[in-house]
Amino acid sequence: MKILFHCDEFMPSNAPCAKRMGVIASHLAKEGHKITVLTSSLNKKYGEYEPPEGVRVKYAPSIPMVKKNTIFRLLNNLSFAATSFFASLTAGKADVIVTTSPPLLLSISGYLISKVKKCKLIFDVRDIWPDVANEIGELSEKSFIYRVFKKIADFMYEKSDAITTVSPGKVERLKEKLGEKYADKIKYVGNGLDGEFVLHSIDESVKKKYGFDHRFTCVYAGNIGKAYNFDHVLNIAHEVRDMPVQFMFFGNGAAKNELIEKARKMELSNITFQDPVPQHEVFTLLSSADLSIIPLKNGEMLDTVPVKLYEVLASGCPVLLGAKGDSKDILEHSGLGIAVDPEDSEGFKRAFFEIYEKHYTKAQREFAKTLMLRKYSRQKFAGVMHETVSELAG
């Protein structure tokens with residue numbers, strides 16, 4: 001079978017979408033399918049990428065996001081939507097196309113490609129747009145952009161042959177949103193943990209480089225974005241400023257500069273900010289940390305599961321989680337941490353001190369690691385995608 005993946009982010013980018021699609025494409029190629037990935041040429045800036053056997057990558061140019069604002073985001077999305085459509089014309093035959101969202105604007109291009117190639121269309125929904133933008137306060141339901149995005153999403157739900165999404169909560173939400181008419185074509189193909197993440201070993205030189213010592217160390221590694229409320233971390237850091245506790249942030253994102261400025265104004269010398277690091281270093285950092293704090297912005301994000309939650313638990317690191325819904329369920333199943341209401345600042349402080357005083361056993365940590373690999377690996381979910389494309393193509 002010939003399968004075309006349509007996504008703006010792909011390997012060697014370190015973005016969650018890129019890593020997820022990389023695992024799925026590789027798995028399907030091992031199953032004997034011929035895979036073509038249509039992605040943005042901007043991914044080349046991350047270095048050389050040698051695709052596995054059976055996978056070829058075709059690049060289409062797009063306008064870079066020089067600034068992370070609405071105008072440059074639209075230019076980036078629309079340019080790739082246009083160029084990827086024309087690039088698809090020389091990509092050969094396809095039996096199935098998988099177009100992933102966000103960005104939602106790319107999905108229309110994916111639909112048009114499916115019509116030109118007369119192939120089945122899978123609409124892969126990683127975040128339910130524009131609903132999620134409303135939940136984090138970026139878009140009002142009455143705004144023009146929200147209404148346009150809603151029409152695009154509704155169109156894609158109707159026209160797609162299958163809808164895949166990344167959490168049980170999103171499956172139920174889409175079924176409720178779309179009704180019985182579309183229920184049978186909604187599939188759970190989770191994001192999850194890349195099983196290769198746990199194959200890394202702990203690098204003592206990395207621990208030394210970033211100052212791991214006798215202090216209780218909290219590590220956050222990932223996107224420092226607006227879907228999180230890092231004020232909880234700053235408040236805890238202020239509360240324990242005279243204790244042997246340190247906080248380390250690794251990553252970039254739309255909220256990073258603001259967070260650095262807040263920490264400076266609060267004179268928090270126990271917080272450091274670093275650039276993103278390679279995955280093998282992330283494994284060492286999380287495996288060596290005493291805690292990772294993951295504070296989602298609000299309790300409305302019931303079906304959102306940050307990829308970092310899987311990675312932290314697979315490293316055997318306890319988690320202080322600000323979330324309800326799917327994320328909370330996963331953490332409570334693992335038994336390795338505490339989930340609190342995302343808007344309960346005092347609850348965060350109480351939970352921090354509870355974990356600070358608690359000693360998680362090796363058995364508890366190993367259970368969490370095993371659970372992530374057994375139930376939430378991307379390799380497992382890639383098998384579900386294989387079943388989905390096989391059913392569609394008959």
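Helix α1 is mostly covered, with 12 of its 15 residues buried. Keep in mind throughout that this is a predicted model. The buried residues of α1 are Cys17, Ala18, Lys19, Arg20, Met21, Gly22, Val23, Ile24, Ala25, Ser26, Leu28 and Ala29. As for length, α1 runs over residues 16-30, and at 1.5 Å a residue its 15 residues should span 21 Å; the C-alpha atoms at its ends are 21 Å apart, so the two agree. Just after α1 comes Gly32, with a positive phi of about 100 degrees.

Helix α12, residues 307-314, is also mostly covered: 8 of its 8 residues are buried. They are Val307, Lys308, Leu309, Tyr310, Glu311, Val312, Leu313 and Ala314.

**The whole chain**

Now the overall picture. The secondary structure of the chain comes to 16 helices and 13 strands. Its radius of gyration is 21 Å, close to the 21 Å that the globule rule gives for 394 residues, so the chain is as compact as a globular protein of that length. Along the principal axes, the C-alpha trace spans about 65 × 45 × 40 Å.

Of the 394 residues, 53% count as buried. The accessible surface comes to about 17,900 Å², and carbon and sulfur atoms account for 52% of that. Looking at contacts with a separation of 6 or more, 71% are made by residues 24 or more positions apart.

**Cores**

Which residues have the most contacts inside the largest nonpolar core? They are Phe247, Leu320, Phe352 and Met372, in a core of 65 residues. Taking Phe352 as the example, and not counting residues up to four places away in sequence, it touches Phe216, Cys218, Ile236, Val240, Val245, Phe247, Leu291 and Leu320. Apart from this core lies another, of 33 residues, among them Cys119, Leu121, Val171 and Ile186.

**Cysteines**

That brings us to the cysteines. A disulfide is a covalent bond between the sulfur atoms of two cysteines. With a cut-off of 2.5 Å between the sulfur atoms, the count comes to 0 disulfides. The cysteine sulfur closest to that of Cys119 is in Cys7, 15 Å away, which is too far for a bond. Cys119 counts as buried because its relative accessibility is 11%, under the 20% cut-off.

Cys317 is in no disulfide either; the nearest cysteine sulfur, that of Cys218, is 8.4 Å away. Cys317 is buried, with a relative accessible area of 0%.

Ser107 sits in helix α3, residues 106-117. Is Ser107 buried or exposed? With a relative accessible area of 0%, Ser107 is buried. Leaving aside neighbours within four places in sequence, Ser107 is in contact with Thr99, Phe123, Ile152 and Met156.

Gly195 is in the loop between β7 (186-188) and α8 (204-209). At 16% relative accessibility, Gly195 counts as buried. What does Gly195 contact, leaving aside its neighbours within four places in sequence? The partners are Leu373 and Gln379.

**Backbone details**

Two cis peptide bonds to point out. The bond from Pro102 to Pro103 is cis, with omega near 5 degrees, and Pro103 lies in the loop between β4 (96-101) and α3. The bond from Trp129 to Pro130 is cis, also with omega near 5 degrees; Pro130 lies in the loop between β5 (120-125) and α4 (131-135).

Then there are positive phi values in residues other than glycine. Lys118 has phi near 55 degrees and is in the loop between α3 and β5. Where does Lys118 stand, buried or exposed? At a relative accessible area of 78%, Lys118 is exposed. Glu267 has phi near 55 degrees as well; its place is the loop between α10 (256-265) and β10 (271-274). Glu267 counts as exposed, because its relative accessibility is 70%, over the 50% cut-off.

That is what I have for today.

Notes: Residues numbered from 1 in each chain as written. Predicted model: local features only at pLDDT ≥ 70, side-chain atom pairs only at ≥ 80, totals over all residues. Heavy atoms only, no water. Helix = DSSP H or I, 4+ residues; strand = E, 2+ residues; numbered from the N terminus. Expected span 1.5 Å × (residues − 1). Buried < 20%, exposed > 50% of the residue type's maximum accessible area, 1.4 Å probe, protein only. Core = buried A, V, L, I, M, F, W, Y, C linked by side-chain atoms within 4.5 Å. Contact = heavy atoms within 4.5 Å. Rg over C-alpha atoms; globule rule 2.2 N^0.38 Å. Areas by Shrake-Rupley, 256 points an atom, 1.4 Å probe, with all protein chains shown as cover.
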